[in-house]
Amino acid sequence: MKKAYIIFNFLIIMIVISASILSANEEIKESRSIKDFEASEFFKKQILLNKDNWNLRAGGRNNSYSFKDTENPNSSFSVEFTSLDKKVLNISVHWNGASIHDPAQITPNKIKILTDLAKFWGVGDYATKIIEYVKSQQSKNYSGGSREAPRDKIGDIIIYCGTTGETLWIGWEWEFIL
């Protein structure tokens, strides 16, 4: 009887743990929608300047948001992502520097933005590694843009970073989607 009681309690604990893990994964999955992004604390903290979206020939939709850049009063920073059937496939962030001779560089403010975005998109555990990667790649210039940049893996995301002209760009996509 005592063994049955212990086994029963063990099973109940395992069911509760499994349910909480599944609900946490569902929250992350759900938070990767456009609607949730626009309702997020990150979005509310920024000053939105422009929002646009368009269909892609290859399928899916590109979504672009320009926000006021508090470090560069003559510019903005943008967050863009591609979605397909309401699922976000990739995300990128772009900042402009002063000129092609003085491209944007990572700063504490940009680190905060990237960290907040990583947390929102469900990859907050990788935030430190994302920042380290950006710091190591930010001075590499790719005239062909982000398509030309090498990819690296951090957990279950594929990340890329570099500059084109004055623009510093960082992007990641989820490995399971590739």
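## Close-up views of a predicted model

**Figure 1. Asp-116 in helix H4.** Asp-116 has its place in helix H4, which covers residues 108-120; helices (H or I, at least four residues) and strands (E, at least two) are DSSP runs, numbered from the N terminus. The structure is a predicted model, in which local features need pLDDT of at least 70 and side-chain atom pairs count only at pLDDT 80 or more, while totals for chains, interfaces and linings use all residues. Residues are numbered from 1 along each chain as its sequence is written, and side-chain values use heavy atoms, with hydrogens and water left out. Asp-116 counts as buried because its relative accessibility is 13%, where buried means under 20% relative accessible area, exposed over 50%, and partly exposed in between (1.4 Å probe, protein chains only). When residues up to four places away in sequence are not counted, Asp-116 touches Phe-42 and Lys-45, contact meaning heavy atoms within 4.5 Å. Phe-42 stands 74 residues from Asp-116 in sequence, yet the C-alpha atoms of the two are 6.6 Å apart in space.

**Figure 2. Helix H4 and the residue that follows.** The 13 residues of H4 should span 18 Å at 1.5 Å a residue, and the end C-alpha atoms of the helix are 18 Å apart, which agrees; the expected span of a helix is 1.5 Å times one less than its number of residues. The buried residues of H4 are Lys-110, Ile-113, Leu-114, Thr-115, Asp-116, Leu-117, Ala-118 and Phe-120. After H4 comes Gly-122, with a positive phi near 85°.

Figure 3. Ala-127, Ile-130, Ile-131, Tyr-133, Val-134 and Gln-137 are buried in H5. These residues cover an arc of only 160° around the axis, which puts them on the same side of H5, the arc being that of the directions from the helix axis to the C-beta atoms. On the other side of H5, Thr-128, Lys-129 and Glu-132 are exposed. The packing partners of the buried residues of H5 are H4, strand E5 (152-154), strand E6 (157-164) and strand E7 (167-174). Gln-137 belongs to helix H5 (residues 127-137) and counts as buried because its relative accessibility is 10%. Neighbours within four places in sequence left aside, Gln-137 is in contact with Tyr-142, Cys-161 and Gly-162.

**Figure 4. The largest nonpolar core.** This core has 34 residues, and those with the most contacts inside it are Phe-37, Val-79, Trp-95, Leu-117, Trp-121, Ile-130 and Trp-172; a nonpolar core is a set of buried Ala, Val, Leu, Ile, Met, Phe, Trp, Tyr and Cys residues joined through side-chain atoms within 4.5 Å. Two or more residues are given to this core by each of helix H3 (41-45), strand E2 (61-68), strand E3 (76-84), strand E4 (87-96), H4, H5, E6 and E7. Ile-130 touches Ala-118, Val-123, Ile-154, Ile-157, Ile-159 and Trp-172, residues up to four places away in sequence not being counted.

**Figure 5. Aromatic pairs around Phe-37.** The count comes to 18 aromatic pairs, where rings of Phe, Tyr and Trp (its six-membered ring) pair if their centres lie within 6.5 Å, and planes under 30 degrees apart count as stacked, over 60 as edge-to-face and the rest as tilted. The rings of Phe-37 and Tyr-65 have centres 5.1 Å apart and planes at 65°, so this pair is edge-to-face. Because Phe-37 lies in helix H2 (residues 34-39) and Tyr-65 in strand E2, the pair ties together parts that are 28 residues apart in sequence. Phe-37 and Tyr-65 are buried. With ring centres 5.7 Å apart and planes at 25°, the pair of Phe-37 and Trp-121 is stacked. This pair links distant parts of the chain, since Phe-37 is in helix H2 and Trp-121 in the loop between H4 and H5, 84 residues apart. One aromatic cluster is formed by Phe-37, Phe-42, Phe-43, Tyr-65, Phe-67, Phe-77, Phe-81, Trp-95, Phe-120, Trp-121 and Trp-174.

**Figure 6. Asp-52 in strand E1.** Asp-52 is placed in strand E1 (residues 48-55) and is partly exposed, with a relative accessible area of 41%. Asn-62, Asn-63 and Ser-64 are in contact with Asp-52, leaving aside neighbours within four places in sequence. Asp-52 and Ser-64 are twelve residues apart in sequence, and their C-alpha atoms are 5.2 Å apart in space.
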